[in-house]
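Me: I would like to learn how to read a few features of a protein model. Could you take me through them?

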Amino acid sequence: MEATAMGHADSHGHGHQPTGLMRWMTTTNHKDIGTMYLWFSFAMFIVGGCMAMTIRAELFQPGLQLLEPERFNQMTTLHGLIMVFGAIMPAFVGFANWMIPMQIGAADMAFGRLNNWSFWLLIPASILLVTSLFVPGGAPAAGWTLYPPLSVQLGMGMDLAIFAVHILGISSILGSINIITTILNLRAPGMTMMKLPMFAWTWLITAFLIIAVMPVFAGAVTMLLTDRHFGTTFFSASGGGDPVLFQHVFWFFGHPEVYIVILPGFGVVSQVISAFSRKPLFGYASMVYATASIAILSFFVWGHHMYTVGMPVTGQLYFMYATMLIAIPTGVKVFNWISTMWRGALTFETPMLFSLGFIFLFTMGGFSGLVLAMTPVDVQMQDTYYVVAHFHYTMVAGALFSAFAGAYYWLPKWTGHMYDETLGKIHFWLTMIFFNMTFFVQHFLGLAGMPRRIPDYALQFAEFNKISSIGAFGLGLSQLLFLYVVIKCIKGGPKAEAKSWDGATGLEWDLPSPAPYHTWETQPLVK
């Protein structure tokens, strides 16, 4: 009855629907909002990418080319903030908006207007971040971590960044409340928690992480603001405060944050690999528990970012062991993905290629993370390019590759058209080759002792930096091909089938894993 009543309301009210800009400003439709999130995140990805290419242009050869040292540090700061809060997180929120209601059989997200608001908050925040480059004194030059005393220096740019981060945090928290409520309350009958698609599970866990740590970050930057303008000395030794306190508070947010960035990617990859192996995800329950374990453990390892601050040896040992422990649930996930593919009927379309690239590169990033978990090794590597290489292997190869996998996988679902498979594969190979060219050599730079966040360097680092810079420009330009593929797909192309990636199995877009029947080779899948 309700459905028909709603149908009548829609058909009668249709004449009053806003069009043009107002339609997008006021929409409460999860697909519209998901689309806006995705386009916004891509725009920010391009902005952050241009900053990265500026950084690599400066580092192409020794000496100062383009940027004053201060400007160089502003670029690294904004590149980090924009990529994390402007590109990666909104991209996965876009996926969540589009797919979670469909995957759980809900009509829409739980709170339509809240959903709309949490998107539109991103616009002023991103404008504040970018315009901080142009105010007197320039953007903050404290790294994306905003460490004092660097972040206490005068200049309006830092205040704009603090305000921007607050707004971005509010947006993330509202989006998370919406996702949790939707998944817990709007599932279709029969969709039990242990039948949720893996993407919905990873987002549910991620949303709890966001709600737990965003207020911590807000507290840290608020204390920073009062130190800057209201005479407090939370982080100033001269007034009895401690700059290391900021690092503790920041990394208590910052370490769960890296899992906030990567967990939805795990969900996407789980679904893509299951679909292109044409069998259900191996070890579904263990995947759910592993995801939850990673999320819980992420609260107990923040100190591994701080081995060199004068922490007692017992503290260093604790953080070392706790960090190594996180490798276990992460290893479980990689094992499960590989087992899913084992003896599956594999095909290698673009989404599958990006997922395989993700597994390979993310595992490498995980290994370099284990290297950095060792306190004595990390004391040598701290603040070198080895760390830069490590987190780009987890963040770019992790979050970005899985986001591309999800985009190619769901594009036919979103647009009704198939994308150009050949161009998609070219995009994958260009991205894969240039990514490794950019970041693999940075491991060697770090091992040789090149510090990060410097605009100039000694001559012995010149060759690897040149390779890295050429790779970075290739990587950046390759992403324009992705933009072309997406626009071409939206405009037309072969019509997508009802089950675009169907193969021979009857796998649905939103196959509940595990499949409804355990004897799944012989039984038809039920919707």
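Reply: We will look at a pair of helices, then at one residue, then at aromatic rings. This is a predicted model, where local features need pLDDT of at least 70, side-chain atom pairs count only at pLDDT 80 or more, and totals for chains, interfaces and linings use all residues. Residues are numbered from 1 along each chain as its sequence is written, and side-chain values use heavy atoms, with hydrogens and water left out.

Me: At what angle do the axes of α11 and α12 cross?

Reply: Two packed helices are described by the angle and the distance between their axes. Here helix α11 (residues 313-341) and helix α12 (residues 350-373) have axes that come within 10 Å and cross at roughly 160°. Helices are DSSP runs (H or I, at least four residues), numbered from the N terminus; axes are lines fitted to C-alpha atoms over the stretch in contact, with angles from 0 to 180 degrees between N-to-C directions. The two are therefore roughly antiparallel (over 145 degrees).

Me: Is M341 buried or exposed?

Reply: M341, in helix α11, is buried, with a relative accessible area of 14% (buried is under 20%, exposed over 50%, partly exposed in between, with a 1.4 Å probe and protein chains only). Beyond its neighbours within four places in sequence, M341 is in contact (heavy atoms within 4.5 Å) with residues including I273, S277 and L346.

Me: Which residue has its charge over the face of W24?

Reply: R23 does, at 4.3 Å from the ring centre (the rule asks for NZ of Lys or CZ of Arg within 6 Å of the ring centre and within 35 degrees of the ring normal).

Technical notes: Angles under 35 degrees count as roughly parallel, over 145 as roughly antiparallel, 65 to 115 as roughly perpendicular and the rest as oblique.
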